[in-house]
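Reader: I've got a sequence and a model open on my screen. Could you walk me through a few spots in it, one question at a time?

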Amino acid sequence: MFGLEALDLARIQFAFTISFHILFPAITIGLASYLAVLEGLWLKTHNDTYRDLYHFWSKIFAVNFGMGVVSGLVMAYQFGTNWSRFSDFAGSVTGPLLTYEVLTAFFLEAGFLGVMLFGWNKVGRKLHFFSTVMVAIGTLISTFWILASNSWMQTPQGFEIVNGQVIPTDWLAIIFNPSFPYRLMHMATAAFVATAFFVGSSAAWHLLRGKDNPAIRTMLSMAMWMALIVAPIQAVIGDFHGLNTLKHQPAKIAAIEGHWENHGNEATPLILFGWPDMKEEKTKYAVEIPYLGSLILTHSLDKQVPALKEFPPEDRPNSTIVFWSFRIMVGLGFLMIFTGLWSLWLRKRDTLYTSRPFLYLALWMGPSGLIAILAGWFTTEIGRQPWVVYGLMRTADASSNHSFMQMSITLIMFVVVYFALFGAGLGYMMRLVRKGPKTDEGKETNDGGPGQKRTPARPLSAADDDGAEHDRSLTKEI
């Protein structure tokens, strides 16, 4: 069917499941840190706006966290079911790294998540804030180990091969492999940027519908400060990441650039747009800027970038896909920077919360961070092909011995179940977003937060404070 083989279906299945999964941890990482900041600001300023936002986003965080855990379990099982030969070859490295994630990140999150979500008004302020911070740190630790494993597959070191299996010889070299620092910073920053635009889009949606209160304005303000500061930083990190990739995976860079061959000593141009044709070995309809490819990738005007024809055809990534996935990621990155700069200009004019053109842009930029993450992930993983462990094991040698029919059935089942289950979860999460944060604006309140009960209006009404209502509603929603 469509010229596909069992190996192709196994790759499509893994790409499909990881595309669903990666969205949830990205938002979890960003929201966990956002919640820690909100609670910290509330404890410092006693401004109830931060408390209201904490209650609101903690519900969304809980739903997102649950879907992330469920979708992550599937990823681990696929290594054994669909990629058993890879597990046999490199399991002595990837297995312990994933185990370290469980022993550190999962245990940390499991220990404090319950206190964070259900401990409002049941534990003291400091303990509750500490729990929120620990959950946020746990998400970052999880990112650390996952990116260590993936980066080792991109730039393997610290091992030897004995009887056809990878044997670790230096765990520090394995963890801190050459591409790891760049991938870790790039992914963590991407999660923060994606969350900022998700939060900002939510605020813009309410403002466009006339719901204007301090909580909504604070959401938009904090999101746009994050976009203004972090989006340009992400561009700088991406530049360093590109230089590292050029050093260790030059074929990937050549495919990303759609660059097929060098001519004499001419500098490499930057192809803005075009259509790389893998069969004809050229990029059709290319729109080029002379010298710019060399300037960006080598930081010089005379050095050349490696070309695809310098590599055997069987070692070339699919340039058609990574050429465009990379440009989608970069294009969205520039839009994010533009949105942050526009927000600063409007902030100075005191029209940030009333400029409808900007609010519409912020609204439509909501999924931009997540789309950019997917595009970047496709660029990274497809650009590594045809290797599953770069230079050591080809993808064709890593898959399990399943038939085309078996892979077809399981792929169809995954598609149906994922769209039904996670579609319902995403729909529910969006309903929570549309409700917006509940505020006590215009009401007298004596809510002291964690460890402090609201003064009851009736003898036995103390249990009906905002925190308790939050706990009960959250329990029902989860």
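Reader: Is Asn82 buried or exposed?
Author: This is a predicted model, so local features need pLDDT of at least 70 and side-chain atom pairs count only at pLDDT 80 or more, while totals for chains, interfaces and linings use all residues. Residues are numbered from 1 along each chain as its sequence is written, and side-chain values use heavy atoms, with hydrogens and water left out. Buried means under 20% relative accessible area, exposed over 50%, and partly exposed in between (1.4 Å probe, protein chains only). Asn82 has 6% relative accessibility, so Asn82 counts as buried.

Reader: Where does Asn82 sit?
Author: Helices here are DSSP runs of H or I with at least four residues, strands are E runs of at least two, and both are numbered from the N terminus. On that numbering, Asn82 is in the loop between H2 and helix H3 (84-118).

Reader: Which side chain makes a polar contact with the side chain of Asn82?
Author: A polar contact is a pair of N or O atoms within 3.5 Å; within protein, one must be able to donate a hydrogen and the other to accept it, and residues adjacent in sequence count only if both atoms are side-chain atoms. Contact in general means heavy atoms within 4.5 Å. Not counting residues up to four places away in sequence, Asn82 touches Ser399, Ser400, His402 and Met407, among others. The polar contact, at 2.8 Å, is with the side chain of Gln13.

Reader: How many Å does H2 reach from its first C-alpha to its last?
Author: The expected span of a helix is 1.5 Å times one less than its number of residues. H2 covers residues 48-81, which is 34 residues, and the expected span is 50 Å. At its start, a side-chain oxygen of Asn47 comes to within 2.9 Å of the backbone nitrogen of Thr49. From end to end, H2 reaches a span close to the expected one: 50 Å.

Reader: And H1, how far apart are its end C-alpha atoms?
Author: H1 runs over residues 6-45, and its 40 residues should span 58 Å. Just after H1, His46 takes a positive phi of about 60°.

Reader: What is the angle between H2 and H13, and are they roughly parallel or antiparallel?
Author: Axes are lines fitted to C-alpha atoms, for helices over the stretch in contact, and angles run from 0 to 180 degrees between N-to-C directions. H2 and helix H13 (residues 404-435) have axes 9 Å apart and pack at about 170°. Angles under 35 degrees count as roughly parallel, over 145 as roughly antiparallel, 65 to 115 as roughly perpendicular and the rest as oblique. That makes the pair roughly antiparallel.

Reader: How many nonpolar residues are in the contact of H2 with H13?
Author: From H2, the residues that meet H13 include Phe56, Ile60, Val63 and Met67, and the H13 side includes Phe414, Tyr418, Phe422 and Leu426. Ala, Val, Leu, Ile, Met, Phe, Trp, Tyr, Cys and Pro count as nonpolar, Asp, Glu, Lys and Arg as charged, and the others, Gly among them, as polar. By class, the contact has 3 polar residues, 1 charged, and a nonpolar count of 14.

Reader: Which residues does Asn64 touch, leaving out those up to four places away in sequence?
Author: Asn64 is found in H2. With 2% relative accessibility, Asn64 counts as buried. Beyond its sequence neighbours, Asn64 touches Phe24, Ile27, Thr28 and Met429.

Reader: Which two residues does a cis peptide bond join?
Author: Most peptide bonds are trans. The cis one here has an omega of about 10°, and Pro386 is found in the loop between H12 and strand E5 (387-389). The bond joins Gln385 and Pro386.

Reader: What about Asp350, is it buried or exposed?
Author: Asp350 lies in the loop between H10 and helix H11 (356-364). Its phi is near 60°, a positive value in a residue other than glycine. With a relative accessible area of 68%, Asp350 is exposed.
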